[in-house]
Amino acid sequence: TKVNIGDNDITLDSRFENYLGFVFKGTTLKGTLNVESQKFNLNVVMSGESTDEPVEEEPEEVMRVIRVPENIDFRMQAAFKHVIFDKMNINDLKGLLVVKDRKVDMQNLSLNTMGGNVVVNGAYATPEGQNPKLNAGFALNNIGFAQAYKELDMVQQLAPIFSNLKGDFSGSVKVDTQLDEQMSPVMQTLNGSGSLSTKDLSLSDVAVINMVADIVKKPSMKETKVKDLKVDFAIKDGRVTTKPFDIKMGDYLMNLSGSTGLDQTIDYKGKITLPASAGAVSKLGTVDMTIGGTFTSPKVGIDMESLAKQAA
């Protein structure tokens, strides 16, 4: 069966059980479905807007929560060529969806987006009388920093530094959060953890790095490449906390740990290892460093003058 909803198309190959009981007695409808689509704009479907009428400008759809019925039990093998969800363009979405008890279990749901690939395992639940909930793990492969910042509101709020990074990253993320009426995470309820790594990262005009470069009198640090960076992190109470990680920038090495918040505040401490080219100060090996303030107005503390006097 092929169904068109405006510009969207759905092709169903299905088998149902207990159809009459579902219609006349309200009992559970069971079924197995193969669902395919060439194009599916979830924003339009979730907003309830019709796509039949031509428009001069792209309408601004307001998404609504998708509530999962309690009396269906479906196993759905999905294969979608192109899906639009919020700001995301998703290609080649494939995987198994088990729909039961007001919940959708996603099993090895693979999709291409943001320049790379994501595999999702987890559940989207809509308990009666409560906000929807998402508890899922995401395996990430070659996702673009800039694209993640552009397409994910969560990244814009929790990691705005992504907007100044060039390159891609891989890793894994687990999240447990409530969703609002627009299907976005309620950030104050978000808990999570993960690990991200990158092999070839370029930094350009990052305010914190610019300040460090000015303090240590190393202008080349403002435009530099970072190799083999790995960051382990946890998300709780509106803050992202990272375990100690190293950033090698030319002949300087920074080791940092701390947290950033939804309010854009930074609370980081660390050390910067100085090369021989730094002169007498380098004999001390490392210099303590603090980073505070906000992403747009950071405050970096490195007491180079005091260290120079000690070295002398």
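What follows goes from the whole chain to single residues.

**Ground rules.** I am working with a predicted model, where local features need pLDDT of at least 70 and side-chain atom pairs count only at pLDDT 80 or more, while totals for chains, interfaces and linings use all residues. Residues are numbered from 1 along each chain as its sequence is written, and side-chain values use heavy atoms, with hydrogens and water left out.

**Whole chain.** I get 6 helices and 18 strands; helices (H or I, at least four residues) and strands (E, at least two) are DSSP runs, numbered from the N terminus. The chain has 312 residues, and 41% of them count as buried. Buried means under 20% relative accessible area, exposed over 50%, and partly exposed in between (1.4 Å probe, protein chains only). I also looked at contacts, meaning heavy atoms within 4.5 Å. Of those with a separation of 6 or more, 49% are between residues 24 or more positions apart. The accessible surface is about 17,200 Å², with 51% belonging to carbon and sulfur atoms; the areas come from the Shrake-Rupley method with a 1.4 Å probe, and for residues only the protein chains shown count as cover.

**E17.** I found E17 in strand β2 (residues 8–17). Leaving aside neighbours within four places in sequence, E17 is in contact with L29 and K30.

**Strands β8, β9 and β11.** Two strands pair if DSSP finds at least two bridges between them. Strand β8 (residues 116–125) pairs with β9 (residues 133–144) over 9 bridges, antiparallel. β9 is also joined to β11 (residues 168–178), by 10 bridges and again antiparallel. I followed A139 across: V119 stands opposite A139, and A139 stands opposite S172 in β11.

**S170.** Which strand holds S170? It lies in β11. I call S170 buried because its relative accessible area is 17%. Its side chain makes a polar contact with the side chain of N141 at 3.4 Å. Not counting residues up to four places away in sequence, S170 touches L140, N141, N142, S195, L196 and S197.

**S193.** This serine is in strand β12. S193 is partly exposed, since its relative accessible area is 33%. Beyond four places in sequence, S193 touches S172, V173, K174, F233 and A234. S193 and S172 are 21 residues apart in sequence and 8.4 Å apart in space, C-alpha to C-alpha.

**Helix α5.** In α5 (residues 207–215) I list V208, I209, N210, V212 and A213 as buried. An α-helix has 3.6 residues a turn, so residues three or four places apart point the same way. What covers the buried residues of α5 includes β12 (191–204), β14 (239–249) and β15 (252–261). After α5 comes K217, with a positive phi near 55°.

Definitions and conventions
Polar contact = N/O pair within 3.5 Å; in protein donor to acceptor, adjacent residues only side chain to side chain.
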